[in-house]
Amino acid sequence: MSRAFIFPGQGSQFVGMGKDLAEAFPAAKDVFDEVDDVLGQKLSRLMFEGPESDLNLTENTQPALMAVSLAVMNVLSKEGGIRIEDYASYVAGHSLGEYSALAAVSSLELADTARLLKLRGQSMQAAVPVGQGAMAAILGLEYDDVKAIAKDVTGENNICEAANDNSPGQVVVSGHVAAVNPAIAMATENGAKRAVSLPVSAPFD
C-alpha cells in the first residue's frame, strides 16, 4: 500500500498552532527557533499568541504554516523514528504546502524555504492591498454553478472568480471583497451547504 503526506495551504492557520508541540518536544521547538532566526522576527510568538490579524497576513501565514508542518515532521522523525522517505511514497501540498513537501524530503533546506515563503507572501500581498481582496469556500455546489455565481456578482470594478476547484462540491472563489461577499450570499440562496470566508489577506488562485 502506498502512502502520501499532504501538507496544508493558507486558511489552515489559527492562533496557538504549534504551541503545544513546541512545549512538548524540543525537536519542534528547534524548527520554530530556526525559522525565527532566519526571518529575524518572532514568528513563533505570533503563531502562539497572535494577534490573528497579523498571523493572517500572507507574508506571515506562509512561513508559519510551513514551520508547523516541518515541526511535526521533525517530531515524527526524532521522537517516533518515522522517516518520511521510508514511510511515504509521495509528498504533495496545497499551494504553499508544496514548499513544505519539498522541505520535508530535504529538496529544500528549512532556512531557504522560510526565506522563499516570506518573499512569496510579500510579493503576493503587494499585488492587492490588505482589506481589498477576499476568498470564500463554497460547499455543496458544483464548479459550473459557482462559476455562474461569480460571473453574476462581478462588476466593472469588482471581480470574483471561481479560483480553486478543490473537489466535487467544494469550490473556492477569489476576488474583491465587494464581489466575494455577495457571492457568499448568492451561493447560500442557491443551495450551498456552507459558504464561508477564508482567513486570508489577499485573493489567490
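At 27% relative accessibility, Ser 95 counts as partly exposed, a class that runs between buried (under 20% relative accessible area) and exposed (over 50%), with a 1.4 Å probe and protein chains only. This is a predicted model, where local features need pLDDT of at least 70, side-chain atom pairs count only at pLDDT 80 or more, and totals for chains, interfaces and linings use all residues. Residues are numbered from 1 along each chain as its sequence is written, and side-chain values use heavy atoms, with hydrogens and water left out.

Ser 95 sits in the loop between β2 (90–93) and α7 (97–104); helices (H or I, at least four residues) and strands (E, at least two) are DSSP runs numbered from the N terminus. Its phi is positive, about 55°, although Ser 95 is not a glycine. Ser 106 also has a positive phi, near 65°. You will find Ser 106 in the loop between α7 and α8, where it is exposed because its relative accessible area is 59%.

Thr 113 belongs to helix α8 (residues 110–127) and counts as buried, since its relative accessibility is 0%. A polar atom of its side chain lies 2.7 Å from the backbone oxygen of Glu 109.

Lys 118 is in helix α8 too. With a relative accessible area of 12%, Lys 118 is buried. Its side chain makes a polar contact of 3.2 Å with that of Glu 59. Such a contact is a pair of N or O atoms within 3.5 Å; within protein, one must be able to donate a hydrogen and the other to accept it, and residues adjacent in sequence count only if both atoms are side-chain atoms.

## A cis peptide and a glycine in loops

Have a look at the peptide bond from Gly 50 to Pro 51: it is cis, with omega near 10°. Pro 51 lies in the loop between α3 (43–49) and α4 (52–55).

Gly 16 occupies the loop between β1 (4–7) and α1 (19–24). Its relative accessible area is 23%, so Gly 16 is partly exposed. From Gly 16 to Ser 69 there are 53 residues in sequence and 14 Å in space, C-alpha to C-alpha.

## Asp 37 in its helix

Asp 37 is part of helix α2 (residues 26–39). The residue counts as exposed because its relative accessibility is 63%.
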